[in-house]
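Please examine the sequence and the three-dimensional structure shown below. The briefing that follows is grouped by topic.

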Amino acid sequence: MPASARRLTVIGGAVCTAEQRQLALETGREIARSGAILLCGGRTGIMEAAAEGAASEGGTTVGIMPGTGPDDSPPNRHIGLPIYTGLGQARNQVLVLSGEAVIGIGGSWGTLTEIGFAMRHGIPVVLLDSWSLEHPDGQGEPGMYRASSPIEAVETALRAASEESPK
């Protein structure tokens, strides 16, 4: 892994549909193929599928874990580097701030908070079969993109990280 490798965060629910799981698996593969590092919440669902995809391609996987260690916060088996925060759900902000762009797949309220953290901090967000959001003034949200495939999601995230990310 080169020191200059991009860091892409994948967010999504701990529970997901079979279709969303497949999207996350392929997104993880594409992240690894691009040479980027995959960050996620390290648990089940979208997080596990994305990590599995990246690991299957020899990619680096980092799990930002909610607990203080493997006893109270076991990472999924595809996480190469678990980082224990002891922060519970507050670890969502650490996860978002650790990446240069975020890819959201499916998800529920935790995913929505992560999208909000990213937008608040100027970190680009690419949504793939995830929340449908618009700014209250009816204008598009700068830094928020939609993708229709895992390849498009990763390409868009990498481009946006290069162009927009403050990191």
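## Nonpolar cores

The largest nonpolar core has 25 residues, of which Leu8, Val10, Ile31, Leu38, Ile103 and Ile105 touch the most other members. A nonpolar core is a set of buried Ala, Val, Leu, Ile, Met, Phe, Trp, Tyr and Cys residues joined through side-chain atoms within 4.5 Å. Buried means under 20% relative accessible area, exposed means over 50%, and partly exposed lies in between (1.4 Å probe, protein chains only). This is a predicted model, in which local features need pLDDT of at least 70 and side-chain atom pairs count only at pLDDT 80 or more, while totals for chains, interfaces and linings use all residues. Residues are numbered from 1 along each chain as its sequence is written, and side-chain values use heavy atoms, with hydrogens and water left out.

- Two or more residues of this core come from each of strand S1 (7–12), helix H1 (18–34), strand S2 (37–40), helix H2 (46–56), strand S5 (101–106), strand S6 (125–130) and helix H5 (150–163).
- H2 gives the largest share of this core, six residues.
- A second, separate core has 15 residues, among them Ala5, Ile11, Ile115 and Ile123.
- Helices (H or I, at least four residues) and strands (E, at least two) are DSSP runs, numbered from the N terminus.
- Contact means heavy atoms within 4.5 Å.
- Not counting residues up to four places away in sequence, Ile103 touches Thr9, Val10, Ile11, Thr27, Ile31, Val126, Ala153, Val154 and Ala157.

- H1 has 17 residues and reaches 24 Å from its first C-alpha to its last, which is close to the 24 Å expected at 1.5 Å a residue; the expected span is 1.5 Å times one less than the number of residues in the helix.
- The buried residues of H1 are Gln20, Ala24, Leu25, Thr27, Gly28, Glu30, Ile31 and Ala32.
- These buried residues of H1 pack against S1, S2, H2, S5, S6 and H5.
- In H2, the buried residues are Ile46, Met47, Ala49, Ala50, Ala51, Gly53 and Ala54.
- The partners against which the buried residues of H2 pack are S1, H1, S2, strand S3 (61–65), H3 and S5.
- Gly58 follows H2 and has a positive phi, near 80 degrees.

## The largest pocket

- The largest pocket has a volume of about 260 Å³.
- The pocket is lined by 17 residues, and the closest to its centre are Gly12, Ala14, Met47, Gln89 and Arg91.
- On a 1 Å grid over the protein atoms alone, a pocket is an open set of points where a 1.4 Å probe fits, with protein on both sides within 12 Å along at least five of seven lines, whereas a cavity is a set from which the probe cannot get out; lining residues have an atom within 4 Å of a point.
- Grid points are joined across faces, edges and corners, and the volume is the space filled by probe spheres set on the points.
- At least two lining residues are supplied by each of S1, helix H3 (91–98) and helix H4 (109–120).
- By class, the lining has six nonpolar, eight polar and three charged residues.
- In this classification, Ala, Val, Leu, Ile, Met, Phe, Trp, Tyr, Cys and Pro count as nonpolar, Asp, Glu, Lys and Arg as charged, and the others, Gly among them, as polar.

## Individual residues

- Thr111 lies in helix H4 and counts as buried, at 3% relative accessibility.
- Leaving aside neighbours within four places in sequence, Thr111 is in contact with Ile11, Gly12, Gly13, Gly106, Ser130 and Trp131.
- Thr111 and Gly13 are 98 residues apart in sequence, and their C-alpha atoms are 6.6 Å apart in space.
- Most residues other than glycine have a negative phi.
- Asp129 has a positive phi of about 50 degrees although it is not a glycine.
- Asp129 lies in strand S6 and counts as partly exposed, at 43% relative accessibility.
- Leaving aside neighbours within four places in sequence, Asp129 is in contact with Gln20, Leu23, Ile105 and Gly106.
- Pro124 is found in the loop between H4 and S6 and counts as buried, at 0% relative accessibility.
- The C-alpha atoms of Pro124 and Met144 are separated by 5.9 Å.
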